Amino acid sequence: MGSTVLSLRIDGELLDRLRSHAAKRGMSVQDYVARTLIREDFDERFKTAVDETEKFYGAEGTEGEPQQPPTPPRDHVRPSAGIA
């Protein structure tokens with residue numbers, strides 16, 4: 001995957017705060033901003049995946065507990081079914 005240049009015009013005060021945050025982590029401003037954007041993108045994609053999973057498996061129970069899958073019929077769970 002290649003890289004592309006993104007040019008931003010930002011307020012001097014914001015740049016100073018970004019420099020401070022980046023310096024605390026031993027990073028350049030560019031690396032700090034890129035990492036922050038990547039993390040935000042991951043969080044967004046993760047939340048979407050969780051939402052889709054919840055839709056697929058159904059909503060939570062009435063008391064906030066996940067619903068249990070239905071219990072299979074007894075004939076399917078008896079290991080001795082059909083054996084004399």
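Analyst: What follows goes through the helices, the surface, the pocket and the aromatic pairs in turn.

User: What kind of model is it?
Analyst: It is a predicted model, where local features need pLDDT of at least 70 and side-chain atom pairs count only at pLDDT 80 or more, while totals for chains, interfaces and linings use all residues. Residues are numbered from 1 along each chain as its sequence is written, and side-chain values use heavy atoms, with hydrogens and water left out.

User: OK. How many helices and strands does the protein have?
Analyst: There are 2 helices and 0 strands. Both kinds of element are DSSP runs numbered from the N terminus: helices are H or I with at least four residues, strands are E with at least two.

User: What does helix 1 span?
Analyst: Helix 1 covers residues 12-24, which is 13 residues. From first C-alpha to last it reaches 19 Å, close to the 18 Å expected at 1.5 Å a residue. The expected span is 1.5 Å times one less than the number of residues.

User: And helix 2, what span should it have?
Analyst: Its 29 residues should span 42 Å at 1.5 Å a residue, and the end C-alpha atoms are 42 Å apart, so the two agree.

User: What is found at the start of helix 1?
Analyst: A side-chain oxygen of aspartate 11 comes to within 2.9 Å of the backbone nitrogen of glutamate 13.

User: Switching to the surface. How much of the protein is buried?
Analyst: Buried residues are 5% of the 84 residues. Buried means under 20% relative accessible area, exposed means over 50%, and partly exposed is in between, with a 1.4 Å probe and protein chains only.

User: What does the accessible surface come to?
Analyst: About 8,200 Å², with 55% of it belonging to carbon and sulfur atoms. The areas come from the Shrake-Rupley method with a 1.4 Å probe, and for residues only the protein chains shown count as cover.

User: How much space lies in the largest pocket?
Analyst: About 380 Å³. Of its 14 lining residues, the closest to the centre are Leu6, Leu8, Val29, Gln30 and Val33.

User: What counts as a pocket, then?
Analyst: On a 1 Å grid over the protein atoms alone, a pocket is an open set of points with protein on both sides within 12 Å along at least five of seven lines, where a cavity is a set in which a 1.4 Å probe fits but cannot get out; lining residues have an atom within 4 Å of a point. Grid points are joined across faces, edges and corners, and the volume is the space filled by probe spheres set on the points.

User: Which helix gives the most to that lining?
Analyst: Helix 2 does, with 6 residues.

User: Is glutamine 30 buried or exposed?
Analyst: Glutamine 30 is exposed, at 60% relative accessible area. It lies in helix 2, and its C-alpha is 9.3 Å from that of leucine 18, 12 residues away in sequence.

User: What about valine 33, where does it lie?
Analyst: Valine 33 is in helix 2 and counts as partly exposed at 21% relative accessibility. Its C-alpha is 9.8 Å from that of histidine 21, which is 12 residues away in sequence. Histidine 21 lies in helix 1 and is partly exposed at 31%.

User: Last topic. How many aromatic pairs are there?
Analyst: The count is 2. Rings of Phe, Tyr and Trp (its six-membered ring) pair if their centres lie within 6.5 Å; planes under 30 degrees apart are stacked, over 60 edge-to-face, and the rest tilted. Phenylalanine 42 and phenylalanine 46 have ring centres 5.9 Å apart and planes at 20°, so that pair is stacked.

User: Why are phenylalanine 42 and phenylalanine 46 about one helical turn apart?
Analyst: Because they are 4 residues apart in helix 2, residues 29-57.

User: Which type is the pair of phenylalanine 56 and tyrosine 57?
Analyst: Edge-to-face, because the planes are at 90°, with centres 4.9 Å apart. Phenylalanine 56 is exposed at 68% relative accessibility, and tyrosine 57 is exposed at 64%.

Key. A polar contact is a pair of N or O atoms within 3.5 Å; within protein, one must be able to donate a hydrogen and the other to accept it, and residues adjacent in sequence count only if both atoms are side-chain atoms.
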